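Visitor: Please take me through one part of this structure closely, strand by strand where that helps. I would like the pairing and the packing before any single residues.

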Amino acid sequence: MYNIPEKYKKESVINKENFIPKEETAQNKKKIRENLKKVRLKYQIDRDIPNLIDKNYNIQVIMILEVELKSMKYVEYINEVFQRILKGYVIIKYICDDNVALGYGYKRLNKQDKNEIVLEDSFVTEEFEEMFLFDNYLLYEKYLNFNNIKNKNNKLEFYMENMVKAYIISNRDKLREYKIILDSNIYYSLESTFKLYKIVVDIVDINIRLKNKKITGEKMELNKKLVSLNKELEVLLDGRN
């Protein structure tokens with residue numbers, strides 16, 4: 001996220017050992033410990049945008065972390081681990097040399113134990129350099145700008161708009177008219193945002209699978225599904241614009 005107001009700034013270093021889960025295998029602990037250089041809390045969005053507290057969520061804070069890594073090789077695994085450890089909602093900027101990637105996680109309360117969370121989904125964007133020379137950075141800087149996030153009804157809706165837009169930008173080469181999706185008013189509805197995310201994830205998955213398929217029959221079946229999903233996406237967007 002970019003252009004976050006100064007009033008949310010924190011700037012504190014967090015002990016790296018807090019991010020080494022006790023339940024992980026010795027090999028996985030080593031993987032994290034050897035890659036992790038530094039963790040900083042940069043911002044904490046804890047006011048202005050309403051909290052969401054109900055039977056499924058307890059979202060009172062959104063944290064923005066910066067995590068310095070020696071390598072991006074295991075960044076997706078590390079993001080999944082960190083998103084589970086951090087029970088609150090968090091956007092993590094992973095940094096390795098000149099490259100950055102953004103990590104997200106969608107979570108809900110555990111139905112059996114409200115003190116625990118269930119991580120439903122997590123992902124890390126493509127790597128990019130934060131330089132105005134690069135078109136991909138300009139997209140992140142524009143659409144993930146704090147002031148350009150449309151839905152500030154509550155912290156979940158704010159976070160999900162940010163997360164879905166980051167996913168779309170990162171996978172723009174697999175989505176038709178991705179800028180139309182980014183500029184849509186669909187994000188004013190949380191239900192529609194969840195529907196959008198599911199559709200685009202499925203579209204991206206099918207496009208990846210199509211590249212790896214060599215049998216014509218299998219490709220035809222995937223292409224049918226792709227056409228259907230694109231029509232579903234078009235109808236969803238038409239209903240919100």
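Guide: In this predicted model, six strands make up an open sheet with mixed pairing, and their order across the sheet is β1-β2-β5-β6-β7-β8. The edges are taken by β1 (9-14) and β8; each has a single partner strand, so one side of each has no neighbour in the sheet. On average, neighbouring strands are turned by 20° against each other, direction ignored.

β1 and β2 run antiparallel and are joined by four bridges. Within this part of the sheet, Val 13 is found opposite Arg 40 of β2. On to the next pair: β2 and β5 are also antiparallel, with eight bridges between them. Here Tyr 43 has Ile 64 in β5 as its bridge partner. β2 is mostly covered, seven of its 10 residues being buried.

Arg 40 comes up again through its side chain. Glu 68, a residue of strand β5 (residues 62-69), makes a side-chain to side-chain polar contact with Arg 40 at 2.8 Å. Leaving out residues up to four places away in sequence, Glu 68 touches Asn 35, Leu 36, Lys 37, Lys 38, Arg 40 and Ile 95. As background, side chains in a regular strand alternate between the two faces of the sheet.

β7 (residues 99-109) pairs with β8 in the antiparallel sense, over seven bridges. In this pair, Arg 108 stands opposite Val 118 of β8. Helix α2 (residues 75-85) packs on the sheet and touches β2 (36-45), β5, β6 (89-96), β7 and β8. The direction of α2 makes about 150° with that of β8.

What follows β8 in the chain? The loop between β8 (117-124) and α3 (135-143) holds Thr 125. Is Thr 125 buried or exposed? Its relative accessibility is 6%, and buried means under 20%, so Thr 125 counts as buried. Beyond its neighbours within four places in sequence, Thr 125 is in contact with Ala 101, Leu 102, Tyr 104, Tyr 140, Ala 166 and Ser 170.

Terms used:
Residues are numbered from 1 along each chain as its sequence is written. This is a predicted model: local features need pLDDT of at least 70, side-chain atom pairs count only at pLDDT 80 or more; totals for chains, interfaces and linings use all residues. Side-chain values use heavy atoms; hydrogens and water are left out. Helices (H or I, at least four residues) and strands (E, at least two) are DSSP runs, numbered from the N terminus. Buried means under 20% relative accessible area, exposed over 50%, partly exposed in between (1.4 Å probe, protein chains only). Contact means heavy atoms within 4.5 Å. A polar contact is a pair of N or O atoms within 3.5 Å; within protein, one must be able to donate a hydrogen and the other to accept it, and residues adjacent in sequence count only if both atoms are side-chain atoms. Two strands pair if DSSP finds at least two bridges between them. Axes are lines fitted to C-alpha atoms, for helices over the stretch in contact, and angles run from 0 to 180 degrees between N-to-C directions.
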